[in-house]
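Student: Could you go through this fold with me? I would like to start with the helices and then move on to the sheets.

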Amino acid sequence: MGLITAVRKDRQTKTAAKEAVRQRTLKKAVSLTGIGLHSGAEVTLTLNPAPADHGIHFHRTDVTAGASDKAAVAARWDRVADTRLCSALANDHGVTIGTVEHLMAALAGCGIDNLRIELDGPEVPVMDGSAQQFVDVIRAAGVVELSAARRVIRVLKPVAVESEQGRAELAPAAVFSVDFEIEFQSRAIRRQHLRLGVVNGAFCKELANARTFGFMHEVEAMQKAGLARGGSLDNAIVIDGDKVLNDGGLRHVDEFVRHKALDAVGDLYLAGSQIIGAYRAERAGHAINNALLRKLFADPDAWCYDVLRGDESKTAMDGGIKAEAAVV
Ligand SMILES: [Zn+2]
């Protein structure tokens with residue numbers, strides 16, 4: 001290697017080391033309206049840009065009484081209050097935000113670090129049962145890069161949780177990946193397995209449009225109990241025995257396991273930062289995903305905060321959406 005080449009290579013390495021992946025937010029506010037899956041009521045969601053280190057916070061605009069922080073709910077694992085049908089958050093005043101997982105998945109997948117999310121009801125609208133419309137509005141609003149480096153959570157040792165329902169684990173790895181396996185009696189699903197490195201635009205290409213699903217008898221039972229009142233073939237895949245009832249059929253042959261992977265991406269983004277590690281799950285749902293985060297954070301040796309630099313910046317989740325130049 002000649003002297004000039006050696007000097008140039010050294011300079012490039014130094015530049016790469018300094019160049020960290022930066023935090024992102026939306027370029028402008030954007031709204032969308034839909035119905036809540038469980039309430040059946042119409043709600044409007046507004047995604048507002050937020051400064052560096054703000055994180056993702058929800059604000060209920062229909063809750064006005066009392067202290068100014070009463071309506072605010074942080075999108076964080078220790079605010080998850082209910083995981084039976086969806087991931088629901090609650091603050092200390094009992095103000096709740098239901099069905100956050102598909103929106104959180106879109107924010108994770110598109111690499112949005114900071115956002116003030118306004119909602120005029122108790123539940124994020126279900127839209128078509130996937131994360132696609134959330135990705136579409138993020139793309140339409142545009143993304144800007146902030147000057148602060150993005151803080152990621154690096155998994156340092158394996159952590160696993162298991163219950164009668166299933167199991168999930170996080171293990172050290174160079175990138176965030178999802179490995180999910182499900183098995184159902186119904187011939188419409190059977191055994192499905194998906195393994196995906198969720199880097200760059202992979203979320204938008206492979207997972208974003210996968211819809212939530214349910215069985216006809218479950219939907220009927222839930223609706224009798226006053227739940228899933230907004231649930232219909234417009235926002236879920238409905239299976240009756242071995243048959244998919246939706247007219248257009250499936251968006252992917254393995255749409256079911258892709259949706260479970262989407263849910264996991266959303267649930268894990270409640271960690272507060274992108275996780276760098278390998279997620280593996282069998283038949284896991286929102287409860288197991290939340291228990292996994294609680295177990296991870298309970299052990300200080302199992303994780304650390306870090307910044308993605310140099311070659312590692314290629315592993316950042318950005319949804320394939322380029323950000324505009326950094327703003328101060
Ligand atoms: Zn879901």
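Student: How many residues of helix α2 are buried?

Tutor: Nine of the nine residues of α2 (residues 101–109) are buried, so this helix is largely enclosed by the rest of the structure. Buried means that 20 or more other C-beta atoms lie within 10 Å of the residue's own, whereas 12 or fewer makes a residue exposed and anything in between partly exposed, with C-beta atoms placed from the backbone. Helices (H or I, at least four residues) and strands (E, at least two) are DSSP runs, numbered from the N terminus.

Student: Before going on, what kind of model is this?

Tutor: It is a predicted model, in which local features need pLDDT of at least 70 and side-chain atom pairs count only at pLDDT 80 or more, while totals for chains, interfaces and linings use all residues. Residues are numbered from 1 along each chain as its sequence is written.

Student: And what do the buried residues of α2 pack against?

Tutor: They pack against β4, β9 (115–119), α3, α4 (202–207), α6 and α7 (286–298), where contact means that two C-beta atoms, placed from the backbone, lie within 7 Å. After the helix comes Gly 111, whose phi is positive, near 65°.

Student: At what angle do α2 and α6 cross?

Tutor: Their axes come within 7 Å and cross at roughly 80°, the axes being lines fitted to C-alpha atoms, for helices over the stretch in contact, with angles running from 0 to 180 degrees between N-to-C directions. The two helices are therefore roughly perpendicular to each other, a label that covers 65 to 115 degrees, with under 35 counted as roughly parallel, over 145 as roughly antiparallel and the rest as oblique.

Student: Which residues make that contact?

Tutor: From α2 there are Glu 101, His 102, Met 104, Ala 105, Ala 108 and Gly 109, and from α6 Leu 262, Asp 263, Val 265, Gly 266 and Asp 267.

Student: Which residues touch the most other members in the largest nonpolar core?

Tutor: Met 104, Ala 106, Leu 107 and Val 265 do, in a core of 83 residues; a nonpolar core here is a set of buried Ala, Val, Leu, Ile, Met, Phe, Trp, Tyr and Cys residues joined through C-beta atoms within 7 Å. Helix α6 (residues 255–268) gives the largest share of this core, seven residues. Leaving aside residues up to four places away in sequence, Met 104 touches Ala 75, Gly 266, Tyr 269 and Leu 270.

Student: How many bridges does β3 make with β2, and how many with β9?

Tutor: β2 and β3 are joined by six bridges in the antiparallel sense, with Thr 46 as the partner of Ser 31. β3 and β9 also pair in the antiparallel sense, over five bridges, and Pro 49 stands opposite Leu 115 there.

Methods: Pairing = 2+ DSSP bridges.
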